[in-house]
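Dear colleague,

Please find below the structure that I am handing over to you. My notes on what was found in it follow directly after.

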Amino acid sequence: MKGPADFCYAPVMATINRRHLLLGGAAVVGGYAVFRSLPMAGATEKFEVVRSDAEWRRTLTSDQYVVLRAHKTEWAGSSPLNGDKRAGVYHCAGCQQALFSSSTKYDSGTGWPSFWQPLDNAVATRDETALLVLTQTEVHCRRCGGHLGHVFEDRPKPTGLRYCMNGIALTFTPG
Ligand SMILES: [Zn+2]
């Protein structure tokens, strides 16, 4: 559960376009964004479900907490939901908001549960800025602000999107 958040960069490196490139004002070195700034939920958004840090720690498992509330990324391939092909709905593990339908799930080959589209009004996004070169788009639960993963524009069909989710941040309800 201490996987580096930068793991999600790897699948998108080959498809970097101008939108992903930023020239920072500070020193530029090769490679990944070393000083990536983490977006903090709640800075400008208001959420329906608001809990104190102590409450989140009490209601989530430690693994859920470090992803949902501390923006960590689970190890690729660590979630049993990654290979799950059952029909059903994926919910936020923090507040039970319905987030994704299994009908939009696909095997992206990355080791993280991937979807090409969220349910209506289920998630929100914000840009992550990098001091050096890369930005990526963070995805969080619209209802509680819990960090879910990232979205990339590197898939052809049907939306061209890859919602790269942490399985530990999701719960699955068959049916
Ligand atoms: Zn939530």
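Residues 24 or more positions apart make up 66% of the contacts in the protein with a separation of 6 or more; two residues are in contact if their C-beta atoms, placed from the backbone, lie within 7 Å. Please note that this is a predicted model, in which local features need pLDDT of at least 70, side-chain atom pairs count only at pLDDT 80 or more, and totals for chains, interfaces and linings use all residues. Residues are numbered from 1 along each chain as its sequence is written.

The protein has 2 helices and 9 strands, which follow one another from the N terminus as α-α-β-β-β-β-β-β-β-β-β. Helices (H or I, at least four residues) and strands (E, at least two) are DSSP runs, numbered from the N terminus.

An open sheet is formed by 3 strands in the order β2-β1-β9, with antiparallel pairing; two strands pair if DSSP finds at least two bridges between them. Its edge strands, β2 (98-101) and β9 (170-174), each pair on one side only. From one strand to the next, the twist averages 30°, where axes are lines fitted to C-alpha atoms, for helices over the stretch in contact, and angles run from 0 to 180 degrees between N-to-C directions. Strand β1 (residues 88-92) is joined to β2 by 3 bridges, and S101 in β2 is the bridge partner of V89.

As to burial, 31% of the 175 residues count as buried. A residue is buried if 20 or more other C-beta atoms lie within 10 Å of its own, exposed if 12 or fewer, and partly exposed in between, with C-beta atoms placed from the backbone. Beyond its neighbours within four places in sequence, A93 is in contact with L60, Q64, L68, I168, A169, L170 and T171.

Two backbone angles also deserve mention. Most residues other than glycine have a negative phi. Q96, in the loop between β1 and β2, has a positive phi of about 70°; Q96 is partly exposed, with 14 other C-beta atoms within 10 Å. N121, in the loop between β4 (114-115) and β5 (123-128), has a positive phi of about 60°. N121 is exposed, because 10 other C-beta atoms lie within 10 Å.

Yours sincerely
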